[in-house]
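I set out below what I looked up in this entry, in the order in which I consulted it.

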Amino acid sequence: MIAFNDASRLREAALGRQLSFSAFAERERKVRRDFWAKLKRFAGRVPFVDDLVAAYYCALDPATPLRVRAMLLAALAYFILPTDFIPDILGGLGFADDMALLTAVTGLVSSHITPTHRAAAARALDKELPRST
């Protein structure tokens, strides 16, 4: 039940319903620490990996407005949660809630995800998760 409560709080924050500096700082620390490890574990099963990594770079960009960064960090933290509303171990279905939340948040803040963020994501994906040919 704790994971569900965490997921619910993150979902609320991702939709911009709350913003505290301490929660923002904790979310940023967690995303910086755990994002790449989680992505590497599930990269083959995450159909929205390009948008996810672009959102990561936008969220960590100090030029991005604080509220936008907070919303993206909340969505990324939700992705990182090991047990959220639909656990990620359930194959493709496990990422449906993550994808829905990320799609909603990126739709709200899409004007802030720049070509620079997308280029950084493409470079990182080639470096961190080489695509098989």
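This is a predicted model: local features need pLDDT of at least 70, side-chain atom pairs count only at pLDDT 80 or more; totals for chains, interfaces and linings use all residues.

Is L81 buried or exposed, and at what relative accessibility? I found L81 at 8% relative accessibility, and because buried means under 20%, L81 counts as buried.

I then placed L81 in the chain: this residue lies in the loop between α4 (66–80) and α5. I also looked up its separation from K38, which is 43 residues away along the chain. The C-alpha atoms of L81 and K38 are 9.1 Å apart.

Next I turned to helix α5, which covers residues 96–109 and has 14 residues. From first C-alpha to last, α5 reaches 20 Å, close to the 20 Å expected at 1.5 Å a residue. I listed the buried residues of α5 as D97, D98, L101, L102, V105, T106 and V109. These residues cover an arc of only 155° around the axis, so they are on the same side of α5.

My last entry concerns helix α2 (residues 21–42) and helix α3 (residues 49–60). How do I describe such a pair? Two packed helices are described by the angle between their axes and the distance between the axes. I read an angle of about 155° for α2 and α3, with their axes 12 Å apart. Because angles over 145 degrees count as roughly antiparallel, α2 is roughly antiparallel to α3. I recorded the crossing of α2 past α3 as left-handed. On the α2 side, I found E28, V31, R32, F35, W36 and L39 in contact with α3. The α3 residues they meet are V49, L52, V53, Y56, Y57 and L60.

Key: Residues are numbered from 1 along each chain as its sequence is written. Side-chain values use heavy atoms; hydrogens and water are left out. Helices (H or I, at least four residues) and strands (E, at least two) are DSSP runs, numbered from the N terminus. The expected span of a helix is 1.5 Å times one less than its number of residues. Buried means under 20% relative accessible area, exposed over 50%, partly exposed in between (1.4 Å probe, protein chains only). The arc is that of the directions from the helix axis to the C-beta atoms. Axes are lines fitted to C-alpha atoms, for helices over the stretch in contact, and angles run from 0 to 180 degrees between N-to-C directions. Angles under 35 degrees count as roughly parallel, over 145 as roughly antiparallel, 65 to 115 as roughly perpendicular and the rest as oblique. A crossing is left-handed if the near helix is turned anticlockwise from the far one by less than a right angle, and right-handed if clockwise. Contact means heavy atoms within 4.5 Å.
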